[in-house]
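Colleague: I would like to go through this model with you, starting at the contact between the chains and then moving inside.

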Amino acid sequence: MSTEATAAPLRSARGGKYLTFALGHEEYGLEILKVREIIGSMEITAVPRTPRHVKGVINLRGQVISVIDLRSRFAMEPAEQTDETCIIVVETSVDGRTHNTGIIVDRVKEVLDISQEQIEDAPSFGDSVSSNFILGMGKVGESVKILLDIDRVLDGPDALTPTAEAA
Amino acid sequence: MSRPDQTGVDKQLTASTPSIEACDALLSSIDQLTAQLLAADPEDLPSLAHVHEELLKLSAGIESQSARTGAIDAHKAATQAQKLIELIVLREVDDAHAALQQVTQLINDMRSCLESSASAAAQPSEMRSGESRPSQPPAAVAAPSHASAQPLEEAPLNPADLPLLSEFTEEARSHLETAETELLKLEDTPDNLEAVNAIFRAFHTIKGVAGFLNLRQIGALAHAAESLLDLVRKNQRAVDQQLVDVILQSIDMMKLLVAAGELAGKANTAIGHQPELPALLERLQRAATWPADNAVPQSPASSTAVPAATDHAAPTGDSSPTASTRRVGESTIKVSTSRLDSLINMVGELVIAQAMVNQDMATLSAGNHRLVRHVTQTGKIVRELQDLAMSMRMVPIGGLFQKMTRLVRDLAHKLGKQIDLEISGAETELDRNVVDAIGDPLVHMVRNAADHGIEPPDLRIAAGKPATGMIRLHARHEAGCIVIEIANDGRGLSKERILRKAIANGIVQPSQELSDAEIYKLIFHAGLSTAEKISDVSGRGVGMDVVRKNIEALRGRIDITTTEGQGSVFTIRLPLTLAVIDGLVARVGKNRYILPTTSIEQSIRPTPDQLSTVQQRGEMVTVRGSVLPLFRLHRLFGVNPASEDPTQGLVVIVRDNARRACLLVNELLGQQQVVIKSLGDGIGRVTGVSGGAILGDGTVSLILDIPGLLELAAGRAGDQP
């Protein structure tokens, strides 16, 4: 999957503040401007006949929002729910309408300033890993944060995981 | 369009009695205007537009005072000030600040002219304050004569104007709606000058803003329509059918152009060229220069129209101050629907939070009377707040009914019938979303009533009925619903014809026994039209089934009562709001689902001998003699039930039109009203689920969509082992 052309406009302004979180041992970053709030895990109402990574819906102060399990979205092993498991509510916009979606992560780390120079393009992993939802790799000290293009993660045209119905 | 509308004001002096109050009202609006001007900035287009509009009203007011000495000069000053503002807005003056000052000066002149006339009112004479003549406006105003033959070149829109444009389209639409209503009034009462003025104002405002935004086609059309109407205002043109028709066409064209403008604004292109426009402009011009043909006796020579001038001066003089006071009195503000929705959401959340506090209070603090009292009081306020929030989305149905007036008029013309439309209950309020959704079905039904229901005049007379048919639209509230009735005194539904047609089309079997109500309901079947011939109005048999679908989508229902030869009444019952439904909360395993009460017939706990199977898998329940398929909700949704045994659970009999089925759930927890929420864009449409609702404990529960669920079950039934 070639993303060279489509990812190009993003490349110019990738530096900025990122909220980092962990899935297992991997660390990811989300543009802070897309993050609306972080809430503790709560009871999620499952919605039948939706893709497996859609965990269901929750009540966010009167608004019903869908919740995505990021591990399942990335086809990672499911993890036990802990006290640190939480839901990051992100705001994305599709066709000019903004909407909120919750994403379940193992634990939230910190907000980091990552400058343009610290960010490199994602290397090509071949067919085994889809990289078109990665904005870039942020190098902070010794560690590498995977910076996510959350709009693509949520609405990406290609399914990253098989849906429940196909399964 | 920089051409001012009243360049050649050539009013004849008439000997009407001057009205001091009207003059005072004018003076005070002049004072207000001066204050606004002092604060105005040449860059601030909206406020300039407002000043312009005020000036227009003023000059209309002054015109009605034309009997007065001094009024002519005041009117000239007002016209000049208007022109100047137009120039400032169009950036055609070098020094906008100086020009603004000039406007202020002109308005001062205007005031002094009027004042001097007021003091002279006691002794009306030809004593004019002629030499206080205000300074000349820049020469650039010499309006290029309006050449409709040339195509009107549209420039691409200036991106900076886009916010103005969306405001304009919205306002233009409401102006056009007013104009349409007033025009239809005018058609019935051709001497209604107030209506003429209202239509004129609508076009004039549109013209003004179109000028700022450089929308040439809109401007040209508004200008032509306005010029024609101006002749009517000046009594140089009578109101006749030709005029009403051409103005109606202009309104329609304007709607098209406004819609095109909106699209162009979004796409950031120029408005597309409307091929029909030049012809329409020409018709407008012809209508203006054609007073003699259909002349009403007093119309052609305005110079002698002394009595006419006096009796129209009175209403206009009155109407302009009342119009401005009415504006103040209403004092509404526009709020975007998304804000309103989030307010309603927040209030909904507050209600839930309050319910939780209430629950805690009951268990934790029994005996603390102070606390109980306060919490109860809070609860009362919260409920009132909720009622208020819900009422904010309510709008009267009148606007929608008003549109039908136009429809009936056009249909009557087209079909050669005489039809009156009677509207009652226009003030009945319902949810804005329902109003939007009911529009199309209502158009269908009214169209049907006019086309099929009402007979041609000769048949009506032969049947001993008045030649003019009657369609009645009535709305009222009834038991938490809104009821809309569409009645006509036409030929009514013919049972035999419907039945014959239905049998011919294979919708029913000849052997089937149907009750009257069932026969009438057949007209909602797709493919059944009893109209003898297909017209371009209706008769294709697609309308009524769409009507029924739309109404059912709104969780409403439609009933028919009819007497052959005397007419029919279609009664639509709709919930007041789409936001709240009555539902039964059912539990399946740990999951709670809400079943809309309207789709539920009854619930039973089946006994083993009621259960049977087909080929050992299709399960059935026999309820009072009818055999219904049994679907297990947990299987459809892939969740774990508390028990698989139907005799341990409950079977809910649900209905989607004629289809009935049983749904197996573990238990029913109770009935409650819930607020429907969308599941969010992230999930999209889920078959069998129509939305989510937040229950008292703050968790989300899914609302079941029974028709979808039955389809799902039907599709699954085959592939399930």
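Predicted model: local features only at pLDDT ≥ 70, side-chain atom pairs only at ≥ 80, totals over all residues.

Colleague: What area is buried between chain B and chain A?

Modeller: The contact draws 20 residues from chain A and 22 residues from chain B. Carbon and sulfur atoms give 61% of the buried area. The total between chain B and chain A is about 1800 Å².

Colleague: Which element gives the largest share of the side of chain B that touches chain A?

Modeller: The elements of chain B that give two or more residues to this side include helix 19 (633-637), strand 17 (689-694) and helix 20 (706-719). By type, the residues of this side divide into 11 nonpolar, seven polar and four charged. The largest share is three residues, and it comes from helix 11 of chain B.

Colleague: Which residues have the most contacts inside the largest nonpolar core?

Modeller: That core has 78 residues. A second, separate core has 57 residues, including Ile103(A) and Phe631(B). Leaving aside neighbours within four places in sequence, Ile247(B) is in contact with Leu183(B), Phe203(B) and Leu284(B), among others. In the largest core, the residues with the most contacts are Ile218(B) and Ile247(B).

Colleague: Is Asn488(B) buried or exposed?

Modeller: Asn488(B) lies in strand 5 (residues 481-488) of chain B. Not counting residues up to four places away in sequence, Asn488(B) touches Ala449(B), Met470(B) and Gln566(B), among others. The cut-off for buried is under 20% relative accessible area. Because its relative accessibility is 8%, Asn488(B) counts as buried.

Colleague: How far apart in space are Ile419(B) and Ile454(B), C-alpha to C-alpha?

Modeller: Ile419(B) is in strand 2 (residues 419-424) of chain B, and at 12% relative accessibility it counts as buried. Ile454(B) is among the residues that Ile419(B) touches, as are Val408(B) and Thr468(B). In sequence, Ile419(B) and Ile454(B) are 35 residues apart. Their C-alpha to C-alpha distance is 7.7 Å.

Note on methods: Residues numbered from 1 in each chain as written. Chains lettered and ligands numbered in written order. Heavy atoms only, no water. Contact = heavy atoms within 4.5 Å. Buried area = accessible area lost by both parts, 1.4 Å probe. Helix = DSSP H or I, 4+ residues; strand = E, 2+ residues; numbered from the N terminus. Nonpolar A, V, L, I, M, F, W, Y, C, P; charged D, E, K, R; others polar. Core = buried A, V, L, I, M, F, W, Y, C linked by side-chain atoms within 4.5 Å. Buried < 20%, exposed > 50% of the residue type's maximum accessible area, 1.4 Å probe, protein only.
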